[in-house]
Amino acid sequence: METIYFDNAATTRTNKEVLAAMLPYFAMEFGNPSSLHESGLRAKKGVAQARMTIAELLGCKPNEIFFTCGGTEADNWAIKGLCLAREAAEVNKRGHIITTAIEHHAVLHTCKFLEKQGYRVTYLPVDEAGRVSLVELKEAVCADTFLISVMYANNEVGTVEPIGEIAEFARQKGIAFHTDAVQAAGHFEEKLDASGITFYSASAHKFGGPKGIGFLYVREGTRLAPLLHGGAQEQKLRSGTENVPGIVGMAKALSLAMQGRQEREEKVAALRDYLAGRLLSEIPMTKRNGDALDCLCGHLNVSFAGVQAASLLVLLDMDGICCSGGSACTSSTGNASHVLVAMGVLEPWLSGSIRITLSEENTKEQADYAVEKIRDAVAKLRAQNPRWKQR
Ligand SMILES: *Cc1c(COP(=O)(O)O)cnc(C)c1O
């Protein structure tokens, strides 16, 4: 039986064309971009071309794109790098950061770490759709607020945040604005230089590229200290030999994601809504989490009362269906999703929530098969749940 892959927010298949673009840089053009010989120069050209492609697609300058090993590094770097630059400029300077309760752990755990270093952090609440309020954000600003970090779109529920308005507000206030755009990159038209965004994090494996490569957009003129010291690559700000195949593949993946984007997204969203409609109408005590309107096209977070998500995921896996509970990164720890908790989701919905994230590769036949299997699995788990039977 074919596997039905419904976990595209965790990672995506590397696109065939992306793979083809990368292959020459493993065995033929394998030189080190810092080398001065012909082989090195060809690798250097590949990196420069990729940087130009990404900058063009995002409406920024090539020298504002810095390659990292992924989204986690880009998030860590934007936040800690800004802190370190301020501390260097004014010895031991601390201050106030505003973020949200629903960020990815790459941002949340970075902020928790900084609190131990003497920074103050406000974690903004969200409404039941998972959206931050601009009013609450404005109220949270203090005299020493130097950074606002709000994710572009949430990885667990797909809710899109009011990034344009936040960026505009941050620019007026002269506060740096970082957005974790790892789920959003490749899904929206961007004009980064014309926006109020200071830092924008992305990761190739979330948009059809390879794992282990990402980038951070850093607005020209922004103070940022390096986290990695060494060979002074990336304008001396991110040392380490460039992941040339990864960089080339990421640029190709972003180009492909932006080509025919609207049509593809409408198709994915239509399939997602079809699946949601069937699940909600055919399985009693089922609820959708998040915002059905301003949402990433492939995201569907649903709760089944009387069911433990982990058990449901095991049953679905046996039927060849891959999805996840909350985010892939936390599903192994068994903790309730911090995102759903922040959205005010209570039991019995909280522990029975799974995340289905579709891509253009998924079909109506797969959705129909999944509805049958989810319906059976939920019925089976509810039958085994003594507390459910008492209802
Ligand atoms: C996946 C993800 C990350 C981490 O990116 P990696 O490239 O896997 O390190 C960060 N933020 C969000 C919102 C993500 O979905």
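Where does Ser337 lie?

## Ser337 and its loop

Ser337 is found in the loop between β11 (321-322) and α11 (338-342). Helices (H or I, at least four residues) and strands (E, at least two) are DSSP runs, numbered from the N terminus. This is a predicted model, in which local features need pLDDT of at least 70, side-chain atom pairs count only at pLDDT 80 or more, and totals for chains, interfaces and linings use all residues. Residues are numbered from 1 along each chain as its sequence is written, and side-chain values use heavy atoms, with hydrogens and water left out.

Ser337 counts as buried because its relative accessibility is 11%; buried means under 20% relative accessible area, exposed over 50%, and partly exposed in between (1.4 Å probe, protein chains only). Its side chain reaches the backbone nitrogen of Leu340 at 2.9 Å.

## Strand β10

Strand β10 (residues 299-304) is largely enclosed by the rest of the structure, because 6 of its 6 residues are buried. Both faces are covered: Leu300, Val302 and Phe304 are buried on one side, and His299, Asn301 and Ser303 on the other.

Strands of a sheet pair through backbone hydrogen bonds, either parallel or antiparallel. Here, two strands pair if DSSP finds at least two bridges between them. β10 runs antiparallel to strand β9 (residues 286-289), with 4 bridges joining them, and Phe304 of β10 stands opposite Thr286. β10 also pairs with strand β12 (residues 353-357) in the antiparallel sense, over 5 bridges. In β12, Ser353 is the bridge partner of Ser303.

## Around the ligand

The ligand has 13 residues around it, and Thr72, Asp180, Gln183, Ser203 and Lys206 come nearest; a residue is near a molecule or strand if one of its heavy atoms lies within 4 Å of it. Helix α4 (residues 71-89) gives the largest share of the shell, 3 residues.

An oxygen atom of the ligand lies 2.6 Å from a polar side-chain atom of Thr72. For Gln183, the distance from an N or O atom in the side chain to an oxygen atom of the ligand is 2.7 Å.

Terms used:
A polar contact is a pair of N or O atoms within 3.5 Å; within protein, one must be able to donate a hydrogen and the other to accept it, and residues adjacent in sequence count only if both atoms are side-chain atoms.
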